[in-house]
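Colleague: I am new to this structure and would like to learn how to read it. Could we go through it together, feature by feature?

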Amino acid sequence: MHSLELTVNGRSYQTTVTLKTTLLEVLRDKLFITSPKVGCNSGDCGTCSVLIDDKLVRSCITNALSTQGKEITTVEGLSKPGHLHPLQEAFHEKYGAQCGFCTPGMILAAKALLDENPKPSRKDVREALSGNLCRCAGYGKIVDSVMAAAEQMGQAKN
Amino acid sequence: MKKRGIGIGASLYPTGMSGGGDSSQAQVKVQPDGTVVLTTGACDIGEGCKTVLAQMAAEVLGINYEQVKVINDNTDNCPLSFGTFASRVTYVDGKATVDAAEKARDILFEVAGQMLEANPGDMEAVDGKISVKGSPDRSLPIGEVAGAATFGMRKLVVGLGHYMREPSAPDPETGEIDPFCTLAWAAVLAEVEVDTETGEVDLLRLVCSYDVGTAINPLLTEGQIEGGGAMSIGAALSEELYPNYPSLEQAPTNLGDYAIPTTMDIPDIEAVIHECPSTNGPFGAKGIGEMTANTPAPAIINAIHDAVGVWIMTLPATPERVLRALDEKGGA
């Protein structure tokens with residue numbers, strides 16, 4: 001067993017892992033942070049997506065020890081008490097979540113996009129979300145949600 | 001060369017199971033404060049039945065749907081629902097919910113009748129109040145009525161509802177049969193661009209029009225139409241269940257091999273809701289869950305034929321199948 005220290009959503013954690021433990025296993029099974037989902041568990045579907053130092057990664061194929069000392073953000077870390085993140089607001093307003101299983105990953109992929117490109121086109125959004133599969137909603141309303149959030153965040157800045 | 005084509009798919013789809021035994025039950029309990037607890041066995045797999053059933057109970061009781069709490073979390077505590085399949089929940093569980101809500105409302109009418117010295121048959125439930133029809137000044141908030149029932153009259157304001165369609169046997173003389181709760185109808189238009197050199201099919205536009213009866217919740221209805229459309233696009237163009245070579249060992253085992261459409265494969269699906277209320281559904285509703293995934297694929301295959309003149313008879317229309325069909329025909 002090896003000692004792992006990491007920060008998740010601004011809080012420091014210390015735990016022990018094996019050489020084979022994934023970041024997803026640490027988040028869900030050790031820290032009980034369950035918004036990253038176990039989907040395909042092989043890096044294909046994107047529902048386990050988290051941000052490591054603001055970069056989008058698939059936690060199911062990320063070795064836990066490789067995140068030593070890193071800052072992890074899950075969708076729980078986006079909202080503040082009483083205040084949802086504009087992306088969460090927009091997904092709610094525009095019905096971007098249908099069954100909700102892909103939603104945490106979608107929102108984090110969208111956040112990674114908007115951090116880099118605050119004024120994306122619909123095509124930019126589609127490209128940025130192309131690694132995150134949705135099986136029930138058909139993507140249109142998800143793209144609508146991200147576009148609405150981008151506009152909202154742009155107005156808030158001005 | 002890239003060639004464009006347009007195709008249409010049309011379908012009809014029955015709601016619920018024919019043949020009898022397709023049963024759903026519901027319980028509606030009006031709490032002493034006037035809020036409502038709906039207990040149902042209907043399982044929400046993302047289509048939104050918790051919202052839709054709450055809307056129906058609220059409509060019957062004349063309250064806002066936010067005041068309805070839906071419990072559907074386990075089969076031990078909840079009334080039975082035959083299940084979330086066969087496009088049946090909005091219709092069958094909806095009818096059970098309406099039945100339960102009406103029975104709870106009858107108890108409220110009886111209690112309010114005593115309180116207002118009026119005939120229970122002359123009451124209505126509107127805007128959170130139980131009123132004497134035509135005399136809006138003679139009314140009581142629903143919470144006051146439920147409170148008086150609970151704390152004054154030893155009455156439990158609970159309605160138990162049920163729906164199960166009678167099986168229909170064919171008429172021995174004519175063969176006529178009426179097996180379905182109701183029928184929904186659909187027409188889908190697809191526009192594709194086929195690359196005759198690579199065999200790739202690009203879906204440019206998909207317009208999906210469904211006769212939904214009454215759209216109990218239009219936003220959720222659109223969600224079903226778009227989601228089913230996405231599944232159908234996968235079935236038409238990329239999702240291969242069996243391998244190209246005759247061995248199950250080579251079947252796809254992960255989402256890299258079994259290609260579910262991504263954001264890059266699905267255009268903005270245009271959902272068109274056509275409302276033609278069913279005569280017997282709850283508030284005129286029909287079920288469209290499954291047919292949304294059935295109708296677009298034939299439209300896409302027809303569009304490919306319109307574009308390059310070949311019929312793809314095995315789904316999905318992969319580049320290989322399109323190219324082989326073009327070869328057989330001797331070019332586009």
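Colleague: How many residue pairs are in polar contact across the interface of chain A and chain B?

Modeller: A polar contact is a pair of N or O atoms within 3.5 Å; within protein, one must be able to donate a hydrogen and the other to accept it, and residues adjacent in sequence count only if both atoms are side-chain atoms. Across the interface of chain A and chain B there are 11 such residue pairs, both residues being at pLDDT 80 or more. This is a predicted model, in which local features need pLDDT of at least 70 and side-chain atom pairs count only at pLDDT 80 or more, while totals for chains, interfaces and linings use all residues; side-chain values use heavy atoms, without hydrogens and water. Residues are numbered from 1 along each chain as its sequence is written, and chains are lettered from A and ligands numbered from 1 in the order in which they are written.

Colleague: Which elements give two or more residues to the side of chain A that touches chain B?

Modeller: Helices (H or I, at least four residues) and strands (E, at least two) are DSSP runs, numbered from the N terminus. Here the elements are helix H4 (122–128) and helix H5 (140–157) of chain A. H4(A) gives the largest share, three residues.

Colleague: How many salt bridges are there between chain A and chain B?

Modeller: A salt bridge is a side-chain nitrogen of Lys or Arg within 4 Å of a carboxyl oxygen of Asp or Glu. The count between the two chains is five. One of them joins Glu226(B) and Lys141(A), at 2.8 Å from N to O.

Colleague: How much area do chain A and chain B bury between them?

Modeller: Buried area is the accessible area (1.4 Å probe) that two parts lose on being put together, summed over both. For chain A and chain B the figure is about 1,900 Å², with 58% of it on carbon and sulfur atoms. In terms of contact (heavy atoms within 4.5 Å), 19 residues of chain A meet 24 residues of chain B.

Colleague: What does the domain assignment of chain B give?

Modeller: Domain bounds come from an automatic or database domain assignment. In chain B, domain 1 covers 2–14 + 180–329 and domain 2 covers 23–162. Their centres, taken over C-alpha atoms, are 38 Å apart. The two domains bury about 1,300 Å² between them, 67% of it on carbon and sulfur atoms. Ile216(B), Pro282(B) and Phe283(B) supply 39% of the area that domain 1 buries against domain 2, more than any other three residues. Between these domains of chain B there are zero salt bridges, but six residue pairs are in polar contact.

Colleague: In what order do the four strands of the open sheet in chain B lie?

Modeller: Strands of a sheet pair through backbone hydrogen bonds, either parallel or antiparallel. Two strands count as paired if DSSP finds at least two bridges between them. The order in chain B is E1-E9-E10-E11, with mixed pairing. Strand E1 (2–14) and strand E11 (270–274) are the edges, each pairing on one side only. E9 (residues 183–195) and E10 (residues 201–211) of chain B are antiparallel over 10 bridges, and Glu193(B) stands opposite Asp202(B).

Colleague: Where does helix H4 of chain B lie?

Modeller: Axes are lines fitted to C-alpha atoms, for helices over the stretch in contact, and angles run from 0 to 180 degrees between N-to-C directions. Helix H4 (residues 218–237) of chain B lies across E10 and E11 of that chain, at about 125° to E11(B).
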